[in-house]
Amino acid sequence: MSELSLSAARRGALVKSIRKLPLGLRMLAIVAVAIVAIVFPAFEGSDSFVMYTATQALVYGLAIVSLNLLVGFGGQISLGQAGFLAIGGYAAALLAIHVSGLPIPIEVLGAGAATAVIGFLLGLPTGRLRGHYLAILTLGFGVAIPEIALNWTSLTQGRTGLTVPPPRIGNTIFPTPTELYYFSLVVLVICLVAIFSILASSTGRAFAAVRDSEAAATAMGINVTATKVLLFTTSAFFAGVAGDLDAHLQGLVSPDSFPFSLSLFFFAAVVLGGLASVWGSLAGAVILAVIEAETSSSSGWEPVILGGAVVLLLLFLPRGLADFPYRAQQALRRWRGRKPRAAVPPSRAEVS
Amino acid sequence: MLAAEDIYCSYGPIDAVLGISIEAPEGSVICILGPNGAGKSTTLKAIAGVVRPRKGRVTLEGRDITRLGPSRKLSEGIALAPEGRRILADFSVRDNLRVGGHLLNRNKLGARIREVVELFPLLGERMNQPGGSLSGGEQQMLAIARALMTQPTVLLLDEPSLGLAPIATRQVFDAVARIREQGTTTVLVEQNSLALTVADHGYVLSEGRLHHDGPAQELFGDERLRRAYLGG
């Protein structure tokens, strides 16, 4: 018994189910976000800095969702997610440079696949490593990748980095900020559809079952180690795709493109947005991109502001930004003088 | 028939099971009783494939299945409901059952969930509630129902009455009786001697060894044995 309640408490501290609005309201919110995302460039398209920041938010969105897959949905930990983006970014650059006329979907898949292979290898020890040990392993990975990029000059050009040509389909290239924005948006949406399908499948349930109780998962015939390795591989794939998008956005990949601090920012954004919430992670990405843009002239303030935001959030919205709509609805009900309905926490599968 | 023949298990240097043999004839309910640390759960885990016995054999219908891991054992028809229920608290009851049917073909899942729920009508009323919102007794029912998802021929229950109120304990044992009517062989690990009332045969373990075994009725009637090993 004591073991059971302890594990439940430990889990409760990290993973809380996201309480959600009724389906209708949620659909409305999703449609609203989609419309804003689509028409946004019509208003701001002339401002290339704003478009750059918006595209960066999309790229971070995919990166942070990929990390949340690992942390929130799978109960694992990665402090080196930027390392995956680096591999995806370099893979994209090398493919675009060396294979002329490569269709962009193949390049994106290639970058994702190359990163997935590394994710698979990094995932292999997770059958035995957990908690702090896994944190250290992934931290080491995140620190090592930029160093490898710096020193493997024959492949990466060292500190100079690789120039990434703009994405192209056939003979049309997409170099403008607005075109890059739409390119990233399309890739992000495709990835989100894939991620939602995975989460709703038996594989998604296996991820969460391993997170909640390895003993139960084992008894259900789920291969715990294989599931964790698959989780790492999947997370790395989407992080690699994000790295590809980032490479096109920056037009350059270098050892400085994916610093270790970026991994920590991603982790903070996962917590900020809400564990096991895809929408929360996207909100966290927007905040991260905006903080980064606003502090670009006064470097060094980014971690301070982000850290402060995380502390404030943990105080006032411990379940992350994803819990905000629910809280707001409850507050509205109270304000109208109605008795709030008893909160029935949603099931995990619905959360996905 | 399921049998464990003279099995030995240890966790590192610590011996947990020292030469235990049990037999569960087809369609029977057998009960393994004993105090904490007697080796009950370890014996069950060895049968389920979660723990590898250091020595001895586990056989099903005479075939040696000692070395099979948990998921292979499940395919062979041996399902375990682990100790402490282990309900996925944030999952709905339906999703808990779906996880239980992880090895099933996806298009058989819905039909099997309906069959299992017939056995536990109460779960049917709670299908969309999170597992964590159920009472302890209901969670145990869900844990058993989840283990039944793959239509096992042998059901292993690890202390299903743990932490339950007497009335919920009774309901769990009644459920075992209903499962028995379906022809499922059940191995019940318990500290509560009431389990003997739904069992055919009982084994009493102590310090990793078999202390006593006999027809469940007889063990249940043996005042001295019950007081010494089974706490009432």
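Helix α11 of chain A (residues 224-250) has 27 residues, so at 1.5 Å a residue it should span 39 Å, and its end C-alpha atoms, 38 Å apart, agree with that. (The expected span is 1.5 Å times one less than the number of residues; helices, H or I, of at least four residues and strands, E, of at least two are DSSP runs numbered from the N terminus.) This is a predicted model: local features need pLDDT of at least 70, side-chain atom pairs count only at pLDDT 80 or more, and totals for chains, interfaces and linings use all residues. Residues are numbered from 1 along each chain as its sequence is written, while chains are lettered from A and ligands numbered from 1 in the order in which they are written.

**Chain A overall**

- For 352 residues, a compact globule would have a radius of gyration near 20 Å, and chain A agrees at 20 Å (taken over C-alpha atoms; the rule is 2.2 Å times the number of residues to the power 0.38).
- Its C-alpha trace spans about 60 × 50 × 40 Å along the principal axes.
- Of the 352 residues of chain A, 49% count as buried, meaning that 20 or more other C-beta atoms, placed from the backbone, lie within 10 Å of a residue's own; 12 or fewer is exposed, and in between is partly exposed.
- Back to α11(A): 23 of its 27 residues are buried, and the helix is followed by Gly251(A), with a positive phi near 75 degrees.

**Where A meets B**

- On chain A, 24 residues are in contact with 25 residues of chain B (C-beta atoms, placed from the backbone, within 7 Å).
- Helices α1 (2-14), α9 (202-212), α10 (214-219) and α16 (348-351) of chain A each supply at least two residues to that side.
- The largest share, six residues, comes from α9(A).

**Chain B: the four-stranded sheet**

- Four strands of chain B make an open, antiparallel sheet in the order β2-β1-β4-β5; strands pair if DSSP finds at least two bridges between them.
- β2 (14-24) and β5 (63-64) of chain B sit at the edges with a single partner strand each, so one side of each has no neighbour in the sheet.
- β1(B) (residues 2-11) and β4(B) (residues 55-60) pair over five bridges, and Glu5(B) stands opposite Arg57(B) in β4(B).
- Helix α1(B) (residues 40-48) lies across β1, β2 and β4 of chain B, at about 115 degrees to β1(B) (axes are lines fitted to C-alpha atoms, for helices over the stretch in contact, and angles run from 0 to 180 degrees between N-to-C directions).

**Chain B: the six-stranded sheet**

- This one is open and mixed, ordered β6-β7-β8-β3-β9-β10 in chain B.
- β6 and β10 (209-215) of chain B are the edge strands.
- From one strand to the next, the twist averages 15 degrees.
- β9(B) (residues 201-206) and β10(B) pair antiparallel over six bridges; Val204(B) has His212(B) as its bridge partner in β10(B).
- Helix α6(B) (residues 136-148) lies across β6 and β7 (154-158) of chain B, at about 160 degrees to β6(B).

**Positive phi without glycine**

- Gln157(A), not a glycine, has a positive phi of about 65 degrees; its loop runs between α7 (153-156) and β1 (162-163) of chain A.
- Gln157(A) is partly exposed, with 16 other C-beta atoms within 10 Å.
- Arg86(B), also not a glycine, has a positive phi of about 55 degrees, but is buried, with 26 other C-beta atoms within 10 Å.

Note on methods. Contact = placed C-beta atoms within 7 Å.
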